Amino acid sequence: MPHVVVIGAYGSAGVAAAETLADSGFEVTLVDDGDPGGGLCILRGCMPSKELLSAAEHAHQARHDHRIEGADALSVDLADTVETKNDRVLGFAEHRRNAVHDLAERENVTFVHDTARIVGEHEVEVGGDTVEADYVVVATGSNLNVPAVPGIEDVDWMGSRDVLDATAFPDSGVVMGFGYVGIELVPYLTEVAGMDITVIEHDVRPLDRADDRIGDELLKMYREEFDVTVETGVMETAVEERDHGVRLFLDDGSHVDADQLFCFTGREPAVDGVGLESVNVDATGEWVADTMQSRDAPWVFAAGDVLGERMILHMAKEEGRLAGENVLRHHAGEPLASYDPIPHYVMFAGAGVYPYASVGYTVEEAESRGHEDVVTVSREASSDGIFTSKQVPWGWAKLVVAADGTVLGYHGLHHHADVMAKTLQVVVENESDVRDLPDRAYHPTTPEILDGLFRDAKSQL
C-alpha cells in the first residue's frame, strides 16, 4: 500500500490534502506539531483579524453617523474584544483539530502530534522515527517576513500576531507594510486603539494589482475618513530606539517618530526545518509547478502558503485537494491536473465598512489571455442610494467585459463589495454574457451599484 506523509496537517491546505488522501485507501500519516493547532488562518490570520475588525466596524459607523448622539465619546473595551476573539477562534481551531483526529480513526490514517523532516530519498523523520514515504505533501504555511532594515533587531516591534493579542496600545505608531495585513489592521489601530498612525508605502499607491483608481480611493479614504498619515513613494533606511519609542528614517531624508513600530511586511514560506535541501529541492522561486508537484523531486508535492504565492484561505484548500488528487494520479501513471484559478480576492479594508474585492481578471490580465477590445464600465459608490442611506458613500467599482459580452472581472472598493463578489464569482466562473443578465440583480440585498454596472456594460456592446 503506498504511503503518503502530510506535513502540516492542521492547516487549510494540509487538511484538504489529508481528506482527499484518506478516502484513497493509501496509508496516510498526518503530522503537525501545532499547539493548540488549527492552522494559521484560524489562530493568527484571517479569522481572528475579522473578529477584531468587527469591533472597529461598529465603532467607525457609529462615530460617522450624525444621527447618533454621543458617538464621539464611544470607546471599545480592548480586553473584552480580545477575550471574545480568543473564545471564538479556539472553538474554530478545536473544530479543525477534531476533523483531523476523526480522519485518524480510519485504519489507513495515523496522526502524529510532533515534527516531521525529510531526511533522505523517500525518508521522513516523524517524531524521532524514520518512516518510508512514497510521497510527501508539504503544507507548512508561512512566517512573518521581517524586513532587513538596519537597527530593527534592536527595537521593539509588533507584528499582526502581537496586535491580535494586545489589550493596550500607546498613543502613536508607525507602520511598515501596507499590503493586505496593513490595510486591514491600520483602521483597527485608529478606530479601536485610538492611535495616531503613520504608514510607509513604497509605491505611489497601495494594491499593486488593482486599478490605479482603487488605490487612489483607498489612500483618500484612509487619510480623510480614518485620519491616517500615509507617506508614499518612500523607503525605510534605518530604525532606532529613541525616548521610549522609535525613529524610522526614510530615503527622502525625513524621519517618523512614534511610540511603537508595527511590521505588517508580508509573509514568507515556512520551509526551514522541513529538510527539502536533503533531497536537493530548492524551495525558492517557483519551486512547485501548477500541478502542486515540486520541480526537483516528483514524489514531493506542496500546497498553501508554503508556496509563497496567493496566501489566501480558499485557494490553499483548493491547492491542498489538488495536491492529494495529483498524488493519486501520479501513482496511477495518469496525467496530472493543473491549478489555474479565476482570481478571487477579498480584503476587509476600511475597518470592514469598505471592503476591497476582486473577482476575475483585470484589463491587463484579460488581454494577456487573448481578449481584444475589452469593454470597461465603472460606477461611483455614491451613485448607490442604499449606500447613501447607510452613510457609507465612499468608493468605486469597475466591471471588465469581453467584446462578446462575457463578464471577465469585477473590482471594487466600497461598502458590500464582498457581497457583490459572491454574485460576480458565479457570473465569471459561468462565463456569463452580460446581455443575458437581468437588469435587476439576483438578490434583494445585492447593492444597486451592480445593476448600474450591468446596464452600462450592455449599452457599450
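In this predicted model, the axes of α3 and helix α4 (residues 78–103) come within 9 Å and cross at roughly 145°, and the crossing in which α3 passes α4 is right-handed. On the α3 side, the contact is made by Met47, Pro48, Glu51, Leu52 and Ala55, which meet Thr81, Thr84, Lys85, Arg88, Val89 and Phe92 in α4. Sorted by class, this contact of α3 with α4 holds six nonpolar, two polar and three charged residues.

Helix α3 (residues 46–63) also packs with helix α6 (residues 180–191), here at an angle of about 55° and with the axes 9 Å apart. That angle makes α3 oblique to α6, and the crossing of the two helices is left-handed. Ser49, Lys50, Leu52, Leu53, Ala56, Ala59, His60 and Arg63 are the residues that α3 brings to this contact, where they meet Glu184, Pro187, Tyr188 and Glu191 of α6. By class, the contact of α3 with α6 consists of six nonpolar, two polar and four charged residues. Leu52 of α3 is listed in the contact with α4 and also in the contact with α6.

Helix α4 has a further packing partner in helix α1 (residues 12–22), with an angle of about 25° between them and their axes 10 Å apart. The two helices, α1 and α4, are therefore roughly parallel to each other, and α1 passes α4 in a left-handed crossing. In this contact Ser12, Val15, Ala18, Glu19 and Ala22 of α1 meet Arg96, Val100 and Leu103 of α4, and the residues involved divide into five nonpolar, one polar and two charged.

| Helix pair | Angle between axes | Distance between axes |
|---|---|---|
| α3 and α4 | roughly 145° | within 9 Å |
| α3 and α6 | about 55° | 9 Å |
| α1 and α4 | about 25° | 10 Å |

Rolling a probe the size of a water molecule over the atoms shows where empty space is left. For this model the count comes to three cavities of 30 Å³ or more, and about 50 Å³ of space lies in the largest cavity. Which residues line the largest cavity? Its lining is made up of Leu144, Ser160, Val181, Cys263, Phe264, Thr265, Gly266 and Arg267, and these lining residues divide into four nonpolar, three polar and one charged.

How values were computed:
Residues numbered from 1 in each chain as written. Predicted model: local features only at pLDDT ≥ 70, side-chain atom pairs only at ≥ 80, totals over all residues. Heavy atoms only, no water. 1 Å grid on protein atoms, 1.4 Å probe; cavity = no way out; pocket = protein on both sides within 12 Å on 5 of 7 lines; lining within 4 Å. Points joined across faces, edges and corners; volume = space filled by probe spheres on them. Nonpolar A, V, L, I, M, F, W, Y, C, P; charged D, E, K, R; others polar. Axes fitted to C-alpha atoms, helices over the stretch in contact; angles between N-to-C directions. Helix = DSSP H or I, 4+ residues; strand = E, 2+ residues; numbered from the N terminus. Parallel < 35°, antiparallel > 145°, perpendicular 65-115°, else oblique. Left-handed = near helix turned anticlockwise from the far one by under 90°. Contact = heavy atoms within 4.5 Å.
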